[in-house]
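Please keep the structure on the screen while I talk.

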Amino acid sequence: MDLLTRKRCTSRWEPTTTRAVRAPFAWWLVVVLVVLTISPARAARLKDIADVDVAMETQLMGYGLVVGLQGTGDSQASFFTMQAIVNMLKRMGVNVPANRARSRNTASVMVVAQVARHHRPGATLDVTVSSLGDAKSLEGGTLLYTPLGGPDGLVYASAQGAVSVGGFSVQGANSNRRRDNYVLTARLPNGGIVQAMPALPTNPGSITVALHEPDNTTAQRVVEAINQELGASQALAVDAGTIVVQAAGADAAQSGERVGLLARIEVLDVTPDVAARVVLNERTGTIVAGENVSISAVAIAHGNLSVQIDAQPFVSQPAPFSQQGQTVQGEESQIAVDSGGSTLIPVQEAATVGALAQALNALGVTPRDMISIFQALKQAGALRAELRIL
């Protein structure tokens with residue numbers, strides 16, 4: 001069968017065992033050009049584009065043992081697990097020589113949790129445990145009492161209880177194995193209890209608003225919206241991503257007025273200003289262009305390279321009554337290369353994403369070729385946007 005493969009000029013052709021040229025842009029490669037709406041950006045709630053007086057959290061960590069495993073715990077090679085078992089039993093009055101400790105039903109784990117400003121002693125925490133040794137699964141295990149300490153080395157919480165893996169792992173006698181989800185990390189919902197509170201920095205006299213995407217214009221709009229809501233100049237932009245709002249003071253925090261002030265601020269509508277940006281993913285051929293992207297007037301030419309290989313089988317036979325000849329099967333190939341006709345196409349200045357997409361689609365190129373064109377436009381100084389390549 002005659003095979004025809006079209007290749008772009010930036011790719012090299014690669015023969016296969018059937019003398020065909022593999023197309024670099026297969027039919028299963030879905031390439032999408034996402035163009036955002038060209039209408040003006042809509043306003044968003046302040047709580048959706050920024051963190052409003054987020055309570056600072058402290059990371060807690062501890063070392064613990066998960067017991068009750070069905071032979072899927074740490075092996076003898078994880079000597080620290082055996083040592084931890086010996087030390088635990090010794091505190092309970094059971095003396096076991098370290099060289100005699102054997103248990104595949106126990107696994108060493110690291111236990112992590114987070115405590116925030118709103119937590120109080122007695123509050124519960126979600127806890128995550130992760131295998132530290134060579135255990136095969138934590139399924140069905142129980143975490144023994146584990147103290148959780150902060151960066152200062154002090155204990156602020158403890159954790160204990162049955163772990164929830166959310167999966168399973170089964171292995172047969174013939175090394176057949178089936179695993180569903182990951183079984184070496186587990187959760188303990190409400191498995192931790194706060195015992196004391198760390199000294200978290202706080203300033204009851206002010207409220208901090210941290211933008212998710214720092215931008216000077218957006219920060220100024222937030223300041224104006226807050227001051228208009230409060231009727232006074234209580235908000236001040238410290239930098240492009242931080243706005244500080246002066247509250248009524250420590251008394252307001254105690255009386256509950258601070259919560260009411262936060263509720264008024266976080267629902268304010270603010271229109272964020274988005275920088276012009278084009279994101280390219282060369283692995284998937286995806287292009288995402290923001291609404292403020294535009295190009296200057298420019299001329300673009302993009303050529304194609306077409307390679308055609310015609311392979312015809314033939315059979316060579318020896319002369320009649322030949323004593324030493326033999327029949328040979330071979331193949332004759334004819335290769336034709338066509339660089340294609342590429343013309344220089346002028347593209348008018350496009351001030352919107354819609355006009356930009358229309359101009360590039362008029363060139364008749366694929367989205368993957370557009371990635372090369374966007375990069376060339378940036379190098380030529382015609383693309384008025386930040387170019388990011390994933």
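This is a predicted model: local features need pLDDT of at least 70, side-chain atom pairs count only at pLDDT 80 or more; totals for chains, interfaces and linings use all residues.

G241 is buried, at a relative accessible area of 10%, where buried means under 20% relative accessible area, exposed over 50% and partly exposed in between, with a 1.4 Å probe and protein chains only. This glycine sits in the loop that joins β14 (235-237) to β15 (242-246), helices (H or I, at least four residues) and strands (E, at least two) being DSSP runs numbered from the N terminus. Once neighbours within four places in sequence are set aside, G241 is in contact with V209, A210, L211 and P214, contact meaning heavy atoms within 4.5 Å. Its C-alpha atom is separated by 8.8 Å from that of A50, which is 191 residues apart from it along the chain.

Residues are numbered from 1 along each chain as its sequence is written, and side-chain values use heavy atoms, with hydrogens and water left out.

Let me turn to a charged residue. D74, in the loop between β5 (57-67) and α2 (79-91), is buried yet has no salt bridge, and the nearest side chain of opposite charge, that of R104, is 6.9 Å away; a salt bridge here is a side-chain nitrogen of Lys or Arg within 4 Å of a carboxyl oxygen of Asp or Glu, and for charge Lys and Arg count as positive and Asp and Glu as negative, with His and the chain ends not counted. A polar atom of the D74 side chain does, however, lie 2.8 Å from the backbone nitrogen of S108.

Now the cores. In the largest nonpolar core, of 24 residues, V111, V129 and L143 touch the most other members, a nonpolar core being a set of buried Ala, Val, Leu, Ile, Met, Phe, Trp, Tyr and Cys residues joined through side-chain atoms within 4.5 Å. The largest share of this core, 5 residues, is supplied by β6. Apart from it there is another core, of 23 residues, including V222, V223, L230 and L268.

Finally, for the protein as a whole, there are 7 helices and 23 strands, and 34% of the 390 residues count as buried.

Technical notes:
A polar contact is a pair of N or O atoms within 3.5 Å; within protein, one must be able to donate a hydrogen and the other to accept it, and residues adjacent in sequence count only if both atoms are side-chain atoms.
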